[in-house]
Amino acid sequence: MKYVNLGRTGLEVSKICLGCMSYGIPERGPHLWTLPEDESRPFIRQALEAGINFFDTANVYSDGTSEEIVGRALKDFATREQVVIATKVQHRMRPGPNGGGLSRRAIMIEIDASLRRLGTDYVDLYQIHRWDYATPIEETLEALHDVVKAGKARYIGASSMFAWQFAQALAISERHGWTRFVSMQNYVNLLYREEEREMLPLCRKEGIGVIPWSPLARGRLTRDWDAASARSETDEFGKMLYANVGEADRRVTDAVRAVAEHRGIPRAQVALAWLLGKPGISSPIVGATKSGHLDDAVAAVDIELTSDEVKQLEASYLPHAVAGFV
């Protein structure tokens, strides 16, 4: 495994982050394909053995049970000092008023709840899951600053939003002397490259680490165009992301297959190697429900695509409507 500093921080993270949305009690969330604890733990152990030290989850994943499973596994398989734990806040955790969002009240309640579930005194990276249009960003940023100063988080990060929103948040933090976002967890893959227009250049300019989610396009870059999986058939959010796929997208997946066949490697390795080769990308977030998923992710770290291969992979891409947070 190779490691990289997350943005301009001194925090060293593996170039692959294990995404833990796949781990959680299925009955406690909308995703029936999630793995219960006994089936989840081997993947967390495998990740650690492969040198992955970066684990991303969220309070909302399977109603908090993802955090519980991840916390117990990391405590059993590693020391706290060995791992970098990231979690998120914003989505609704309870019905009724104040059940979600990024108000000061919500953040203070949810950081403590996440720490209890994870079984730790602090998280390394505390991220806002989405922009909260109902709460002034100043309120959110000051609350996050206080979370860091209280020792409950070491760094703060953000997730999918418009680049102007992220630029505004960075400027407000600087103006007030508050803790600054160090990372952006956004939606980037060969089938969705809209972040290359504004967000990725902004992150490079500001020294922000980029940790993309869905780097394999919910598995669409790893299989034949017409093939399906249990997740693709039940993942309503994924269906929304790819509601308007067209012939150009098919040609992109065909190019992935062609490059993979020429190299004699799995398609997942090609798609991840392309992303890892993009300037400013720190650590793609990879889900794993089969051991081969982690094997491919780790192998991709050492693959360098040629300029001709990159051109082949990118040639058919056409602009898409903004997705992932609107």
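Angles under 35 degrees count as roughly parallel, over 145 as roughly antiparallel, 65 to 115 as roughly perpendicular, and the rest as oblique. The structure is a predicted model, in which local features need pLDDT of at least 70 and side-chain atom pairs count only at pLDDT 80 or more, while totals for chains, interfaces and linings use all residues. Residues are numbered from 1 along each chain as its sequence is written, and side-chain values use heavy atoms, with hydrogens and water left out.

**View A. Packing of helices α1 and α11.** The axes of α1 (residues 37-49) and α11 (residues 291-300) come within 10 Å and cross at roughly 20°; the two helices are therefore roughly parallel to each other. Axes are lines fitted to C-alpha atoms, for helices over the stretch in contact, and angles run from 0 to 180 degrees between N-to-C directions. Helices (H or I, at least four residues) and strands (E, at least two) are DSSP runs, numbered from the N terminus. The crossing of α1 past α11 is right-handed, that is, the near helix is turned clockwise from the far one by less than a right angle.

**View B. Residues at the contact of α1 with α11.** Phe43, Gln46 and Ala47 of α1 meet Ser291, Leu294 and Asp295 of α11, contact being heavy atoms within 4.5 Å. These residues divide into three nonpolar, two polar and one charged. In this classification Ala, Val, Leu, Ile, Met, Phe, Trp, Tyr, Cys and Pro are nonpolar, Asp, Glu, Lys and Arg are charged, and the others, Gly among them, are polar.

View C. With a disulfide defined as a pair of cysteine sulfur atoms within 2.5 Å, the count comes to zero. For Cys17, the closest cysteine sulfur belongs to Cys20 and is 7.2 Å away, too far for a bond. Cys17 is buried at 0% relative accessibility, where buried means under 20% relative accessible area, exposed over 50%, and partly exposed in between (1.4 Å probe, protein chains only). Cys203 is likewise in no disulfide, the nearest cysteine sulfur being that of Cys17 at 16 Å. Cys203 has a relative accessible area of 1% and is buried.

**View D. Positive phi at Ser62.** Ser62, a residue other than glycine, has a positive phi near 50°. Ser62 is placed in the loop between β4 (54-56) and α2 (65-77), and is buried with a relative accessible area of 3%.

**View E. Positive phi at Gln90.** In the loop between β5 (84-89) and α3 (104-118) lies Gln90, a non-glycine residue whose phi is positive, near 155°. Its relative accessibility of 13% makes Gln90 buried.
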